[in-house]
Structure formats: structure tokens, C-alpha cells
2 protein chains.
Amino acid sequence: MHTLYRDTVRPEWVDFNCHLRDAFYMLVYSFAVDAFMDHIGLDDATRRSRNRSLFTLEAHVVFLHEIKEGAAIRVDGAVLGVDSKRIHLYMEMFSDKRHEAVSASEQMLLHVDMTSHAKSAVFDPDIAARTSSLRSGDTPTGRYAGRVIGLPFVARPASGSGTEPA
Amino acid sequence: MHTLYRDTVRPEWVDFNCHLRDAFYMLVYSFAVDAFMDHIGLDDATRRSRNRSLFTLEAHVVFLHEIKEGAAIRVDGAVLGVDSKRIHLYMEMFSDKRHEAVSASEQMLLHVDMTSHAKSAVFDPDIAARTSSLRSGDTPTGRYAGRVIGLPFVARPASGSGTEPA
């Protein structure tokens with residue numbers, strides 16, 4: 001994992017309990033993806049000169065611990081997968097108070113050509129090479145990746161029925 | 001699906017292209033979950049009097065279309081599953097410009113007792129009954145639910161190798 005981003009939980013990000021609101025975990029990850037773009041060579045100047053950017057197709061966020069206003073936070077990341085146009089990025093968030101992650105996120109990012117209407121585009125070779133260098137490689141990572149949200153559907157027993165799904 | 005929330009894309013929510021930034025889709029869903037709490041009887045007064053609330057354990061967001069600053073947005077939702085302490089809530093976001101959804105989210109919400117350190121708690125019967133009334137029932141829903149993020153791991157061809165995964 002590579003450290004992508006550091007920040008401090010801002011007053012406007014917390015709820016009435018002074019805890020970071022769920023959507024603002026996502027904003028911190030959004031800033032970390034901006035920093036990730038710098039890491040792979042898609043910095044602001046390159047994005048403008050080549051008319052390229054990354055769009056988020058999908059984001060999954062796991063909330064493991066609350067974070068208080070004023071807490072220092074850090075986001076580490078690694079590339080779990082990549083193809084010609086897409087990156088599967090995995091991130092974990094840490095706060096100054098805990099050793100273990102306070103949150104994790106995985107995102108599918110699409111490389112787009114902004115010239116017309118943001119069409120998907122193949123990575124330039126230099127960007128692809130830098131992206132590969134951020135791959136998690138042989139180190140196991142992505143502890144909170146690949147998750148599905150679901151609950152067993154607990155049916156209300158029909159009148160007169162003696163059976164109910166466990 | 002039940003309409004949970006309506007808003008307008010605010011200037012402070014958009015990126016330099018005047019499109020809603022990914023994290024602010026999540027903020028709109030966060031407001032929609034607040035409204036969902038009202039729908040199931042966990043309104044602010046009840047949350048305070050009973051010391052109960054819902055915490056987001058996990059959130060998945062799919063980004064289908066861009067939304068411009070100033071666009072009217074609506075979030076519809078339905079309960080996909082529920083157990084004694086948790087709700088699997090599914091939501092779709094619509095904008096005034098399109099008939100189809102511009103985004104979808106599914107979230108796992110935990111019912112907590114805020115008296116001490118936010119321990120999980122069984123739903124009160126009135127809340128459980130109102131939650132069940134928002135179940136999607138027999139109508140198929142959750143088109144964008146149950147998704148896993150992943151990419152086939154495309155290995156860089158070894159030097160001298162003529163084969164590469166498709």
C-alpha cells in the first residue's frame with residue numbers, strides 16, 4: 001500500500017455527534033483518488049494537455065470506526081487490477097487514534113477522453129506503466145474488497161403456515 | 001420504490017466541469033437515509049427520546065450518468081432485506097433530465113442504542129413494522145444491487161512469452 005493522502009476531519013464534515021458523516025469519508029477518498037491520479041502521471045497539467053481524466057464508475061465503502069472532528073486521517077492505496085481502460089483501486093483509511101483501518105473503499109475508475117462527451121479511452125503507455133507500479137503485487141491486500149451487501153430475506157410467516165425460512 | 005428525498009445540485013457539490021462530484025452523490029444518499037429514518041418512525045424526536053439511531057455499515061454507489069449543477073434530483077428507495085437489527089436499503093437517484101436512474105446505491109444500516117457507545121440494538125416493534133411496510137415485496141427491484149467490483153488480473157507478458165490473457 002502507498003500513502004496517497006493526508007487530511008484532518010473538518011468541522012463541516014461532522015454530524016451532530018461530532019463524528020465524520022458517511023458521505024465525507026467518501027469525499028476524503030475522492031481527494032485520495034485525485035492524489036492517485038498525480039501518482040500515475042495524470043496530474044492536473046497532463047489531464048488538461050491530453051484531455052484525459054478518470055471517472056468513478058462504482059465505489060464501495062466500509063465504515064469500521066467512527067472518527068472525531070479534528071482527527072488526523074491518512075489514506076493508503078494499491079491497485080488491485082487494471083485493464084486497458086479501467087483501474088480497480090483499493091484504499092484504507094487510518095486515523096491517528098488507531099492502528100487498524102477505520103474504513104476501506106474499493107473503486108472502479110474509468111479512463112476517459114474529455115475531448116467530446118467523455119468517451120472511454122485506452123491508457124497512454126507512460127500512465128499504464130506508472131499504474132502497474134502501484135499494483136499490490138504478491139502482497140495480500142484488499143481485506144475489505146469483493147464484498148456483497150445482503151441480508152437473508154426473513155419472510156413474515158403466512159397465516160396458518162408453520163414454516164419460516166431460517 | 002418510495003420517494004425519499006428531493007434536492008437540487010448545489011454549486012459547492014460540483015467539480016470544475018460543473019458535474020456533481022462522486023462524494024456528493026453519497027451526500028444526497030445520506031440525506032435520503034435521514035428521510036428514510038423519518039419514514040420508519042425514527043425521526044429526530046424519536047431518536048432523541050429513545051436514544052436510537054441508524055449507522056451506515058457499508059455503502060455501494062454506482063455512477064451511471066453525470067448530473068449538472070442546478071439539476072433537480074430525486075431519490076427513491078425500498079427495503080430489500082431486514083433482520084432484527086439491520087436494514088438493507090436500496091436507492092436510485094433520478095434527475096429532471098432523464099427517465100432512467102442516474103445513480104444507484106445500496107446500504108447496510110445498523111440500528112444502534114446511543115446510550116453508551118453506540119451498541120447495536122433490536123428494532124422496537126413499531127419501527128420494525130414501518131420498515132417492513134417499505135419492503136420491495138414481490139416487485140422486482142434492486143437492478144444495481146448485489147454488485148461486486150473486480151477486474152481480471154491482466155499480467156504483463158513475460159519477456160519472450162507469446163501469450164497474454166485476453
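**Chain A meets chain B**

Okay, so the contact here (heavy atoms within 4.5 Å) takes 44 residues from chain A and 43 residues from chain B. Before I go on: this is a predicted model, where local features need pLDDT of at least 70 and side-chain atom pairs count only at pLDDT 80 or more, while totals for chains, interfaces and linings use all residues. Side-chain values use heavy atoms, without hydrogens or water, residues are numbered from 1 along each chain as its sequence is written, and chains are lettered from A in the order in which they are written.

How much area is buried between the two chains? About 4200 Å², with carbon and sulfur atoms giving 58% of that; buried area is the accessible area (1.4 Å probe) that two parts lose on being put together, summed over both.

On to chain A's side of the contact. α1 (22-39), β2 (52-63), β3 (72-82), β4 (86-95) and β5 (103-113) each supply at least two residues to it; helices (H or I, at least four residues) and strands (E, at least two) are DSSP runs, numbered from the N terminus. β2(A) gives the most, with nine residues.

That strand also pairs across the chains (pairing takes at least two DSSP bridges): five bridges join β2(A) to β2 (residues 52-63) of chain B, running antiparallel. There, V62(A) stands opposite E58(B).
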